[in-house]
Amino acid sequence: MHGVELHGAVLDRLGESIASGTRPPGTVLTLAGLEEELGASRTLVREVVRVLESMGLVESRRRVGVTVLPPESWNPFDPRLIRWRLGGPGRAAQLLALTELRSAIEPVAARLAAVRAGDDERARLAGLASRLRELGEAGRGTDPEYLAVDTAYHRLLLEASGNPMLAALRDVVAEVLSGRTSLGLMPADPEPAALAHHEATAAAVLAGDPAAAEEHARAVVSEVLGGVQPPPDGR
């Protein structure tokens, strides 16, 4: 395993154990202990701990060790943390929270894109929506290409908003889409209405119609939200 791959593997292993609660807040770790447990060099362990510190998951202090911090200190928008949480026991709650975030930002991004997007962005969004329909109608909703096109579509929608704060969330949305697929929540035959609303959103952006763009983008995320909402009785 190359250095970069080893770094990623060790980071994922330690990060997942914290995100899943296997190492609860307040747990104190030592570099020597981690070195032995993870089978990694002291240098690599230090690098991984620094990354986790930058994400707010741990705090390293001399003569104390590495302390796991509570979730309130974590950076919830870090794509790596999102991926770890979606792979852990709290995946349902994480997916719901992320989908609620999408429902708040994507309709606004679509409205802004209809006003601010460049001609090339408008054309590319329409092309991606058309390809999504082709793949969906061919029963390829679980294919890697469908995920790639869907991700490109939603990333572009946020970028085309012209708002750097919204555009900065594109990797978050990408992890949500990837998580839905890996959790088996994407059907091979996507809902025809969802495909239609993707196309209608893109068409509204292309036409410069902000109200219609927002309306159809909201319909897209509302359909997704309905699929991850827990039943009213909580079961």
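Which residues does His 198 touch, not counting residues up to four places away in sequence? They are Ala 129, Leu 132, Asp 150, Tyr 153, His 154 and Val 220, where touching, or contact, means heavy atoms within 4.5 Å.

The model is predicted: local features need pLDDT of at least 70, side-chain atom pairs count only at pLDDT 80 or more, and totals for chains, interfaces and linings use all residues. Residues are numbered from 1 along each chain as its sequence is written, and side-chain values use heavy atoms, with hydrogens and water left out.

His 198 sits in helix 10. Helices (H or I, at least four residues) and strands (E, at least two) are DSSP runs, numbered from the N terminus. With a relative accessible area of 7%, His 198 is buried; buried means under 20% relative accessible area, exposed over 50%, and partly exposed in between (1.4 Å probe, protein chains only). Helix 10 covers residues 192-207, 16 residues in total, and spans 22 Å from its first C-alpha to its last, close to the 22 Å expected at 1.5 Å a residue. That expected span is 1.5 Å times one less than the number of residues. Besides His 198, the buried residues of helix 10 include Ala 194, Leu 195, Thr 201 and Val 205. The buried residues of this helix pack against helix 5 (91-116), helix 6 (119-137), helix 7 (144-159) and helix 11 (210-228). After helix 10 comes Gly 208, which has a positive phi near 75 degrees.

Two of these partners can be followed further. Helix 7 packs with helix 10 at about 35 degrees, the axes being 12 Å apart. Axes are lines fitted to C-alpha atoms, for helices over the stretch in contact, and angles run from 0 to 180 degrees between N-to-C directions. The crossing of helix 7 and helix 10 is left-handed, meaning that the near helix is turned anticlockwise from the far one by less than a right angle (clockwise would be right-handed). Among the contact residues are Tyr 146, Asp 150 and Leu 157 of helix 7, and His 198 and Ala 202 of helix 10.

Helix 6 and helix 7 pack at about 150 degrees, with axes 9 Å apart. These two helices are therefore roughly antiparallel; the label applies to angles over 145 degrees, while those under 35 count as roughly parallel, 65 to 115 as roughly perpendicular and the rest as oblique. Their crossing, too, is left-handed. Arg 131 of helix 6 and Glu 145 of helix 7 are among the residues that make the contact. At 28% relative accessibility, Arg 131 counts as partly exposed. Leaving aside neighbours within four places in sequence, Arg 131 contacts Arg 140, Glu 145 and Val 149.

Elsewhere, three strands form an open antiparallel sheet in the order 1-3-2. Strand 1 (28-29) and strand 2 (58-61) are at the edges with a single partner strand each, so one side of each has no neighbour in the sheet. Strands count as paired if DSSP finds at least two bridges between them; strand 2 and strand 3 (residues 65-68) have four. Val 58 is bridged to Val 68, and Ser 60 stands opposite Val 66. The hairpin of strand 2 and strand 3 has three residues between the strands, and Arg 63 there takes a positive phi near 65 degrees. Helix 3 (residues 42-54) lies across both strands, at about 125 degrees to strand 2.
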